[in-house]
Amino acid sequence: MRTRFAPTPSGYLHQGNLANALVNSWLARQLQGEMFLRIDADDEPRFRPEYTEFIFESLRMLGVGYTLFTPDLGSRTEYLKSQLSTIPSELLFACDCSRSSLLARACTCVEQHKTWQPRVNALRLRLDTDSVSRIDGADYNLHDQFGDVILWRRDDVPAYHWANVIDDRDLGISHIVRGYDLRASSALHIHISRLIGADNVANASYQHHSLILSGGGKKLSKSQQSNARPPTLDLVFISEVHTAAERLANELGIAVP
Ligand SMILES: [Zn+2]
């Protein structure tokens, strides 16, 4: 049994992110498995070392144990790129639409059979208009949710969904616990996993919990301003994360140690 906590260091984690880490670690404990910490730093422009430091420090304060996933950053991009060959090539196409042109008209690149050139165009995965994945008893039409999803960005960076599926495959992840807002992403990851034969990801146990809201009832978001100060890791903060995690664990039927 293997689960994971996979934050993106694009801001200081909030209490909802950290509650998710606790719940994942409790599930690993309950099932005598292992939790991996995977820091998803592929999106370098938003990455800041102090955000990563905050992840380590807050998990230490919370007493969360984990196995750190440390990919070889020197070869990571080429490795993830090489894994694109596991997708049937007829499902991939190069797209040079800009964000602004997509607002004006739909992408028709699939019919134009362009050559994929990293740093010139992006690589998309065709999602048929009737491609459906079932998650938590609900059907998701992937094309409606994602269009033809980008797997490799125009700036030669793996897209989040692609890196996520390959990392989960390679780590042998069997249980995925994440927020309700990522249900459609889970449906997409199952679809991609089936395409590439990543059985552990396609058949993983997926659980989605409700979101931790701010005092005003708004969705929490990471603080990303360059002048943002990290949340104060004091006993009040830590006990609030614990309380939130207990509520999520109860919701999912996960034992609170
Ligand atoms: Zn296009």
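## Two packed helices

Axes here are lines fitted to C-alpha atoms, for helices over the stretch in contact, and angles between N-to-C directions run from 0 to 180 degrees. With that in hand, let's look at helix α6 (residues 160-170) and helix α7 (residues 183-196), which pack at an angle of about 65° with their axes 10 Å apart. Helices (H or I, at least four residues) and strands (E, at least two) are DSSP runs, numbered from the N terminus. This is a predicted model, where local features need pLDDT of at least 70 and side-chain atom pairs count only at pLDDT 80 or more, while totals for chains, interfaces and linings use all residues. Residues are numbered from 1 along each chain as its sequence is written.

The crossing of α6 and α7 is right-handed (the near helix is turned clockwise from the far one by less than a right angle). On the α6 side, His161, Asn164, Val165 and Arg169 take part, meeting Ser185, Leu188, His189, Ile192 and Ser193 of α7; contact requires C-beta atoms, placed from the backbone, to lie within 7 Å. Sorted by class, this contact holds 3 nonpolar, 5 polar and 1 charged residues. Ala, Val, Leu, Ile, Met, Phe, Trp, Tyr, Cys and Pro count as nonpolar, Asp, Glu, Lys and Arg as charged, and the others, Gly among them, as polar.

## The parallel sheet

Strands β1, β2 and β3 form an open sheet in the order β1-β2-β3, with parallel pairing; two strands pair if DSSP finds at least two bridges between them. Because β1 (2-5) and β3 (67-68) each have a single partner strand, they stand at the edges, and one side of each is left without a neighbour in the sheet.

Between β1 and strand β2 (residues 34-37) there are 4 bridges, and Arg4 stands opposite Phe36 in β2. Helix α1 (residues 15-30) lies across β1 and β2, running at about 165° to β1.

## The antiparallel sheet

Another open sheet has 3 strands in the order β4-β5-β8, and here the pairing is antiparallel. Its edges are β4 (92-95) and β8 (149-152); each has a single partner strand, so one side of each lacks a neighbour in the sheet. On average, neighbouring strands of this sheet are turned by 45° against each other, direction ignored.

β4 is joined to strand β5 (residues 122-125) by 4 bridges. Leu92 has Leu125 in β5 as its bridge partner.

## His242

His242 sits in helix α9 (residues 235-252).

Definitions and conventions
Two residues are in contact if their C-beta atoms, placed from the backbone, lie within 7 Å.
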